[in-house]
Amino acid sequence: MGKIAFLFPGQGSQSVGMGKDVYNNYQTAKNIFDKAKQVIGKDISKLCFEGTEDELKQTINSQPAIVTTSIAILEALKSRLDIQPHYVAGHSLGEYCAMYCAGVMSLENTMKCIQKRAELMNEVKAGKMVAIIRAKEEDLKEGLTRGSKIGYVDVANYNSPQQVVITGDNDAVNEVCKYIAKDNNAKIIPLAVSGAFHSKYVKNGADEFEKFIKNIELKDASIPVITNVDAEITTKHEDFRKKMPQQMYSSVHWTQTIQKMAENGVDTFIEIGNGKVLAGLNKRIIPDARVLNVFDKDSLEKTINELI
């Protein structure tokens, strides 16, 4: 076996009932939910297990709920198997789980950061985000050029070679979609978010977040983290402090992150958290890689059996 990477999903991976199975079956997972309630002052387990879909979609709720669930699943896995990944990464919000896993932040500080980040991003009401699938590279480039003549538009996420997410002003994003739509093979999916994340609209919030994390203790990573903003190996605490605010308004270089891991010998990717979003993307980025998921008791035990 080659090297192993842990991956953590981001916003959009939430669903009602997430984390309940590990909460009921692993004390370590229950402890994480209990700690989240204590730190955030919000009953995350009730929100995840009994909340409505609309409640979970709200940024102010989805971010702490997803991070709590992912970390609970991580701790459940670690309670059953002594495993240390060679690299970690998380998609946007999921990067905080990766930093926690790598020892950059304590559980309490991770929760505090996510709550503040969620509050600031929840205030972004301008603009929109759209996923574009199977568009030709030249069409996307031309579409972005046309959209930029109308207003602000940029690439929010490089999710896979076949999928990007664009973000920006409504009219500018619509112009890109209009141009892309001439290709019947391309698919356009509007995202259910409150505004244009990973764009200049988040810059003011990022500036506030930069002030907030000045008082948060960060340590050097014990496991290399591939960061979203540049798809580079990051271990120094001062680099994380610089990149954390940048990540809020910068593109998520996920395709490049997975390619970087593969270049460094990773051949087994374990997605830890609700759903299988990253597993699907990874199979498109590195088709030959082994991709495993841990999201409930059965998938956790299955993954352990695959690894031992």
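## Salt bridges within helices

Glu75 and Lys78 are three residues apart in helix α5 (residues 59–80), so about one helical turn separates them. Helices here are DSSP runs of H or I with at least four residues, strands are runs of E with at least two, and both are numbered from the N terminus. Glu75 forms a salt bridge with Lys78, with the closest N and O atoms 3.4 Å apart. The term salt bridge means a side-chain nitrogen of Lys or Arg within 4 Å of a carboxyl oxygen of Asp or Glu. Side chains of opposite charge can pair when their charged atoms come close. Glu75 is buried, at 14% relative accessible area, whereas Lys78 is partly exposed, at 38%. Buried means under 20% relative accessible area, exposed means over 50%, and partly exposed lies in between (1.4 Å probe, protein chains only).

The structure is a predicted model, in which local features need pLDDT of at least 70, side-chain atom pairs count only at pLDDT 80 or more, and totals for chains, interfaces and linings use all residues. Residues are numbered from 1 along each chain as its sequence is written, and side-chain values use heavy atoms, leaving out hydrogens and water.

Helix α10 (residues 203–212) holds Lys211 and Glu208, which are three residues apart and so separated by about one helical turn. These two residues form a salt bridge, and the closest N and O atoms are 3.4 Å apart. Lys211 is exposed, at 51% relative accessibility, and Glu208 is partly exposed, at 38%.

## Salt bridges across the chain

The side chains of Lys260 and Glu232 meet in a salt bridge of 3.5 Å, N to O. This pair links distant parts of the chain: Lys260 is in helix α12 (residues 254–263), and Glu232 is in the loop between β7 (225–226) and β8 (233–234), 28 residues apart. Glu232 is partly exposed, with 38% relative accessibility.

A search of the whole structure finds 15 salt bridges.

## The four-stranded sheet

Four strands form an open sheet in the order β4-β5-β3-β6, with antiparallel pairing. The edge strands, β4 (153–160) and β6 (187–190), each pair on one side only. From one strand to the next, the twist averages 25°. Two strands count as paired if DSSP finds at least two bridges between them. Strand β3 (residues 128–133) pairs with strand β5 (residues 163–168) in the antiparallel sense over six bridges. The bridge partner of Ile133 in β5 is Gln163.

Helix α8 (residues 137–150) packs on the sheet and touches β3, β4 and β5; its direction makes about 155° with that of β4. Contact means heavy atoms within 4.5 Å. Axes are lines fitted to C-alpha atoms, for helices over the stretch in contact, and angles run from 0 to 180 degrees between N-to-C directions.

## Two positive phi angles

Most residues other than glycine have a negative phi. Ser92, which is not a glycine, has a positive phi near 55°. Ser92 lies in the loop between β2 (87–90) and α6 (95–101), and counts as buried at 10% relative accessibility.

His198 is also not a glycine, and its phi is positive at about 50°. His198 lies in the loop between β6 and α10, and is buried, with a relative accessible area of 5%.
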